[in-house]
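Hi everyone, thanks for making time this morning. I'd like to walk you through one structure, so let me put it on the screen.

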Amino acid sequence: MENIVTSVNSKNKTFQIILSAMLISLVFVSTLFLNIRLPIAANGGLVHLGSAMLFIISIIFGPKKGAIAGAFGMGLFDLVSGWTLWAPFTFIARGLQGYVIGKIAWSFHRQGNYVLLNNFAIIISIPVMLTGYYICEAILFQSWIIPFASIPGNLVQNTVGLLIAIPVCIMLKKLPLFK
């Protein structure tokens, strides 16, 4: 009997590792290949579908998978796309954002099934992400003023992500696989 339990636990752990790797890959690819640079601030700004994917994963799979996918997926993007200096900050800011969304969307055993709560979760996560990047830029640019220029771009990025993620989550939650 013990061998059966060990085998089941081992298979479940393997499945969870594979699932996490796939979710990280989805965030990475969505960020890498589907992005537009914004001409808002001198230090850049990027709107990408990685935010939408992070929101979807956090709502569908919960806080742990959302945090892992956001932190590693977008952190990896930064490492390979010329934003290397930002990678540690992205890892923290996007990991926290994914966790916050998933924690709220999955609160009280709701498991991302309530559209209003999912919207609320994303909206609450935006200041978390903004604060993370604001602190990052304050450190990198040695200024508390310069980071304000990035806030409009980050708001656009999160708004686009919200507008895409919520309808996609509604459709996915109708599938038997995600019920």
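Predicted model: local features only at pLDDT ≥ 70, side-chain atom pairs only at ≥ 80, totals over all residues.

Let's begin with a pair of helices: the axes of α2 and helix α4, residues 87-105, come within 8 Å and cross at roughly 40°. An angle between 35 and 65 degrees counts as oblique, and α2 and α4 are therefore oblique to each other. The crossing of α2 past α4 is right-handed. On the α2 side, the contact is made by Ser51, Leu54, Phe55, Ser58 and Ile59, and α4 brings Arg94, Gln97, Gly98, Ile101, Gly102 and Ala105. Sorted by class, that contact of α2 with α4 has 5 nonpolar, 5 polar and 1 charged residues.

Now, α2 has another partner. How do α2 and α3 pack, at what angle and how far apart are their axes? Helix α3 covers residues 63-80, and α2 and α3 pack at an angle of about 160°, with axes 7 Å apart. Since angles over 145 degrees count as roughly antiparallel, that is the label for α2 and α3. Their crossing is right-handed. From α2, the contact takes in Gly50, Ser51, Leu54, Ile57, Ser58 and Phe61; from α3, it takes in Pro63, Lys65, Gly66, Ala69, Gly70 and Met74. By class, the contact of α2 with α3 has 6 nonpolar, 5 polar and 1 charged residues.

Serine 51 sits in helix α2, which spans residues 50-61. Is serine 51 buried or exposed? Its relative accessibility is 0%, so serine 51 counts as buried. Leaving aside neighbours within four places in sequence, serine 51 is in contact with Met74, Arg94, Gln157 and Gly161. With arginine 94 there is also a side-chain to side-chain polar contact, at 3.2 Å.

Last stop, for those of you who like backbone torsions. Most residues other than glycine have a negative phi. Here, phenylalanine 108 has a positive phi of about 55° although it is not a glycine. Phenylalanine 108 is found in the loop between α4 and α5, and is exposed, with a relative accessible area of 68%. Glutamine 111 lies in the loop between α4 and α5 too, and its phi is positive as well, near 50°. Glutamine 111 is partly exposed, at 39% relative accessible area.

Methods:
Residues numbered from 1 in each chain as written. Heavy atoms only, no water. Helix = DSSP H or I, 4+ residues; strand = E, 2+ residues; numbered from the N terminus. Buried < 20%, exposed > 50% of the residue type's maximum accessible area, 1.4 Å probe, protein only. Polar contact = N/O pair within 3.5 Å; in protein donor to acceptor, adjacent residues only side chain to side chain. Contact = heavy atoms within 4.5 Å. Axes fitted to C-alpha atoms, helices over the stretch in contact; angles between N-to-C directions. Parallel < 35°, antiparallel > 145°, perpendicular 65-115°, else oblique. Left-handed = near helix turned anticlockwise from the far one by under 90°. Nonpolar A, V, L, I, M, F, W, Y, C, P; charged D, E, K, R; others polar.
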